[in-house]
Amino acid sequence: MRYNSLIDSVGHTPLVGLPVLSPTPEVRLWAKMEDHNPTGSVKDRAALAMITQAEKDGLLQPGSVLLEPTSGNTGISLAMVAKQRGYRLICVMPENTSAERRQLLSMYGAEVISSPAAGGSNEAVRVAKGLAQEHPDWVMLYQYGNPANAQAHYETPGPELLADLPSITHFVAGLGTTGTLMGTGRYLREHKPEVQIIAAEPRYGELVYGLRNLDEGFVPELYDPTVLTTRFSVGAHDAVRRTRELLEQEGIFAGPSTGGILHAALAMARKAVQRGEQADIAFIVCDGGWKYLSTGLYEGTLEEAEAALEGQLWA
Amino acid sequence: MSVDVRIPTILRPFTSGEKVVTAQGATLDAVIKDLDANYPGIGERLVDDSGLRRFVNVYVNDEDVRFLESLATPVQDGDTVTILPAVAGGCH
């Protein structure tokens with residue numbers, strides 16, 4: 001495929017079968033390889049769409065300052081697009097995220113403001129909202145509430161999946177901003193009402209939840225539970241175990257959030273086998289494993305890797 | 001029915017610091033009432049008149065009960081009930 005620029009090559013990612021991990025010839029798993037995007041994650045789709053929409057809305061001029069709370073991937077995607085288009089980017093990122101993410105952000109010329117580890121992304125959102133009030137000239141695209149995020153997933157991976165896998169019965173993705181699940185989920189539902197939409201939500205170590213008052217929780221503005229069929233909570237142990245299985249059995253080198261998503265996909269596969277149903281289960285490979293090498297995810301025993309992720313925002 | 005209930009840090013003052021406690025009941029509703037009988041006050045932190053509180057997520061064997069039968073979700077011997085505050089999730 002030929003494209004005029006790197007930005008033009010976002011999307012059109014391969015869908016690959018998992019011949020080893022699929023339980024039977026009737027119940028098949030398919031990986032949507034979003035790590036094939038230009039900066040290596042699914043977030044390139046949302047970042048490009050949010051910046052393009054802000055340009056259409058007249059919010060951005062050359063030299064404009066973008067502000068975004070991010071645990072890394074969205075920031076890296078925004079940084080790449082912002083650099084090409086001539087904007088400055090300031091990311092608010094929790095301090096308990098991998099070193100590689102910080103390095104990549106600074107390579108693309110973004111500035112990073114750290115938010116406290118305790119409270120995770122909720123804190124990053126809070127800090128960014130405060131900064132946006134202090135600096136009314138900065139443009140916060142705000143991935144958790146920006147309709148262009150979900151719309152990007154409605155317009156691109158939704159149609160790609162249906163074209164590549166018309167027999168799709170399940171779509172499984174991670175629950176973060178909820179943009180992927182809301183957008184792709186709505187598209188698939190509209191075209192195949194019986195499709196099941198499954199969310200895999202990372203369950204972090206205690207530090208991330210520790211100080212959270214139950215009345216001060218955070219639900220992204222984009223989230224609409226009616227799009228989902230079900231929602232699984234996946235802990236670090238299962239996420240690490242599945243990330244390694246994906247590498248060892250299928251050769252796919254993915255990050256830990258993908259392991260969590262595969263865990264939920266395999267649970268749905270098991271149910272389909274038990275019920276004697278045919279199933280084509282597509283799931284999102286959010287990003288490759290490169291950015292997590294320093295975390296210890298791929299080294300030592302499962303228990304050691306799980307311990308290394310304790311307190312980290314691993315997905 | 002006896003189930004394990006994982007208690008988030010913020011609610012451990014109710015359980016004398018215990019991370020996991022056991023509770024009885026055939027449904028989530030019954031489990032929460034049993035919890036409240038043993039750890040008075042914990043119930044109203046989880047449930048209000050309209051059901052589960054907005055920023056409280058409860059999972060039976062890792063599946064969000066809002067997509068099962070909410071408070072009427074049946075539980076079986078040996079199930080694990082996990083209570084967590086809602087946070088921004090992964091991969092963003």
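Two residues are in contact if their C-beta atoms, placed from the backbone, lie within 7 Å. The model is predicted: local features need pLDDT of at least 70, side-chain atom pairs count only at pLDDT 80 or more, and totals for chains, interfaces and linings use all residues. Residues are numbered from 1 along each chain as its sequence is written, with chains lettered from A and ligands numbered from 1 in the order in which they are written.

Q: What share of the contacts in chain A with a separation of 6 or more comes from residues 24 or more positions apart?
A: Such residues account for 73% of those contacts.

Q: Why is chain A called as compact as a globular protein of its length?
A: The globule rule is 2.2 Å times the number of residues to the power 0.38, and the radius of gyration is taken over C-alpha atoms. For 315 residues the rule gives 20 Å; chain A has 19 Å, which is close, so the description holds.

Q: What makes a residue of helix α11 of chain A buried, and which residues are buried?
A: A buried residue has 20 or more other C-beta atoms within 10 Å of its own, an exposed one 12 or fewer, and a partly exposed one a number in between, with C-beta atoms placed from the backbone. In α11(A), residues 302–309, the buried ones are A:Ala305, A:Glu306 and A:Leu309.

Q: Why are the buried residues of α11(A) said to line one face of the helix?
A: The arc is that of the directions from the helix axis to the C-beta atoms. Here the buried residues fall within an arc of 100 degrees, so they line one face.

Q: What do the buried residues of α11(A) pack against?
A: They pack against α9 (236–250) and α10 (256–275) of chain A; helices are DSSP runs (H or I, at least four residues), numbered from the N terminus.

Note on methods:
Helix = DSSP H or I, 4+ residues; strand = E, 2+ residues; numbered from the N terminus.
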